[in-house]
Amino acid sequence: MTSKILEIQDLTVSFDGFRALNHLTFSMNPGELRVIIGPNGAGKTTFLDVITGKVQPTEGRVLFQGKDIRKIPEYRIARLGVGRKFQTPRVYLNLTVAENLDLAVNRKKSVWGTLMGQATGAEQRSVGGLLETIGLTPKAHLAAALLSHGEKQRLEIGMLVAQSPTLLLVDEPVAGLTDEETENVGDLLLALAESHSIIVIEHDMEFVRQIARKVTVLHQGSVLCEGNMDQIQNDPKVIEVYLGEAPSLSPQQFKILRTVAAVAAADGKISETEMAIILDNLSQVFKGSGSDPQHLRQELQDYLLQGVEVDFANLTEEIPKQEDRELVLRLSQEIVAVHRQEPEPFWEWQAYQELLRGLNLPITAISVDEDGD
Ligand code: ADP
Ligand code: MG
């Protein structure tokens with residue numbers, strides 16, 4: 001018996017000879033929250049279709065809790081504990097929020113619990129508890145039709161949870177949501193992850209950053225790479241897939257770029273002046289291997305537009321060469337200097353303080369000319 005909740009071995013799915021999934025291998029531990037990303041057509045939805053039994057593999061195996069679920073019909077896989085939330089909400093618009101949840105709770109009870117003579121007490125989720133979880137208690141008696149798109153998404157996630165699935169599959173839950181709704185859905189998934197195994201497919205990188213622990217990147221039907229958000233974002237293969245061309249920077253250079261950019265972005269945006277400092281300097285420092293500086297500048301900029309978020313705590317490990325850390329320090333000082341007129345402590349200043357702790361450079365290297373002389 002395997003201890004994995006999901007184990008996928010050498011899975012291929014062909015549609016008339018076209019391989020939507022191509023020798024894909026994947027596994028996941030119980031209790032994990034896994035995010036799967038990848039460009040359009042990478043095979044993400046097909047991947048979920050195979051797990052739920054909607055699509056049959058051409059080759060390979062899918063083991064759910066150690067059990068081979070190939071050839072098991074869709075409705076039985078659902079009963080085994082695989083719940084899926086589709087991209088568009090499927091709630092009963094003319095029923096209230098509470099009625100929708102009640103239906104979901106009782107669907108589980110009547111079809112499964114009663115038939116199998118199971119006691120539902122301990123497992124049974126109460127409508128009240130579910131309302132609380134999805135943050136819709138104040139709207140319990142409102143018709144679902146009156147909910148916002150984001151609230152409908154949360155309701156549907158609640159309806160899914162009502163059926164006590166062991167594994168939750170969630171396909172693009174924040175497509176088309178406002179920033180605030182996106183964050184709410186993220187918080188909900190993080191809360192559910194405490195007691196469920198969850199796979200989330202997502203495009204929105206801000207959202208992925210909010211919830212991701214371990215990320216799997218799919219490309220052309222196979223796993224391109226796996227790791228935490230930081231590893232993924234610095235992986236040249238991933239950058240190539242997302243930007244459509246091979247990056248001319250090394251992972252180490254990307255790390256330098258992102259760290260400096262994270263100081264500049266501390267107030268939520270990289271201003272034109274800050275962008276110029278970063279691009280002018282780094283396109284010079286990084287050129288060399290024959291790449292056109294103008295092209296390199298564009299590449300750096302494209303990359304920054306994907307967003308930056310850096311944990312400053314482990315910089316000595318992540319940027320092992322002192323020379324590189326000094327470069328980060330120097331450029332960060334230039335960025336801080338841009339804000340010299342602002343009252344302290346401005347955001348960049350705070351980021352800079354954290355950066356200093358993370359860089360662990362000799363104290364002599366640290367001097368910001370605060371007075372401008
Ligand atoms: P993603 O969700 O990552 O965008 P999909 O899994 O939807 O990707 O699709 C992967 C590839 O398989 C795409 O090229 C798509 O056109 C193709 N595909 C998906 N479903 C079918 C199908 N039923 N018949 C033929 N081709 C399909
Ligand atoms: Mg899809």
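Visitor: What makes helix 15 stand out in the lining of the second largest pocket?

Guide: Its share: helix 15 gives the most to that lining, with 4 residues. Helix 7 (205-211), helix 12 (293-305) and helix 15 (347-359) each supply at least two residues there. Bear in mind that this is a predicted model.

Visitor: How much can I trust the prediction, going by the mean pLDDT of the protein chain?

Guide: The mean pLDDT is 86, and 89% of the residues reach 70 or more. Over residues 117-123, though, the pLDDT is below 50, and beyond near neighbours in sequence that stretch has 5 contacts in the model. Residues 369-373 also fall below 50, with 6 such contacts.

Visitor: Back to the second largest pocket: how much space lies in it, and which residues are closest to its centre?

Guide: About 450 Å³. The lining has 20 residues, and Ala262, Ala265, Ala266, Val308 and Glu309 are the closest to the centre.

Visitor: What makes something a cavity and not a pocket?

Guide: In a cavity a 1.4 Å probe fits but cannot get out, whereas a pocket is open. A search of the whole structure finds 2 cavities of 30 Å³ or more. The largest holds about 50 Å³ of space, and its lining includes Val50, Gly53, Arg70 and Lys71. By class, that lining has 5 nonpolar, 2 polar and 2 charged residues.

Visitor: Why are strand 2 and strand 5 said to stand at the edges?

Guide: Start with the sheet: it is open, has 4 strands in the order 2-1-4-5, and pairs antiparallel. Strand 2 (18-28) and strand 5 (67-68) each have a single partner strand, so one side of each is left without a neighbour in the sheet.

Visitor: How do you know that strand 1 and strand 2 really pair?

Guide: Pairing takes at least two bridges, and 7 bridges join strand 1 (residues 6-15) to strand 2, running antiparallel.

Visitor: What makes you say both faces of strand 6 are covered?

Guide: Buried means under 20% relative accessible area. In strand 6 (residues 82-85), Val82 and Arg84 on one side and Gly83 and Lys85 on the other are all buried, so both faces count as covered. Strand 6 also runs parallel to strand 7 (residues 167-171), joined by 4 bridges, with valine 82 opposite leucine 167.

Methods. Residues numbered from 1 in each chain as written. Chains lettered and ligands numbered in written order. Predicted model: local features only at pLDDT ≥ 70, side-chain atom pairs only at ≥ 80, totals over all residues. Heavy atoms only, no water. pLDDT = per-residue confidence, 0-100. Contact = heavy atoms within 4.5 Å. 1 Å grid on protein atoms, 1.4 Å probe; cavity = no way out; pocket = protein on both sides within 12 Å on 5 of 7 lines; lining within 4 Å. Points joined across faces, edges and corners; volume = space filled by probe spheres on them. Nonpolar A, V, L, I, M, F, W, Y, C, P; charged D, E, K, R; others polar. Buried < 20%, exposed > 50% of the residue type's maximum accessible area, 1.4 Å probe, protein only.
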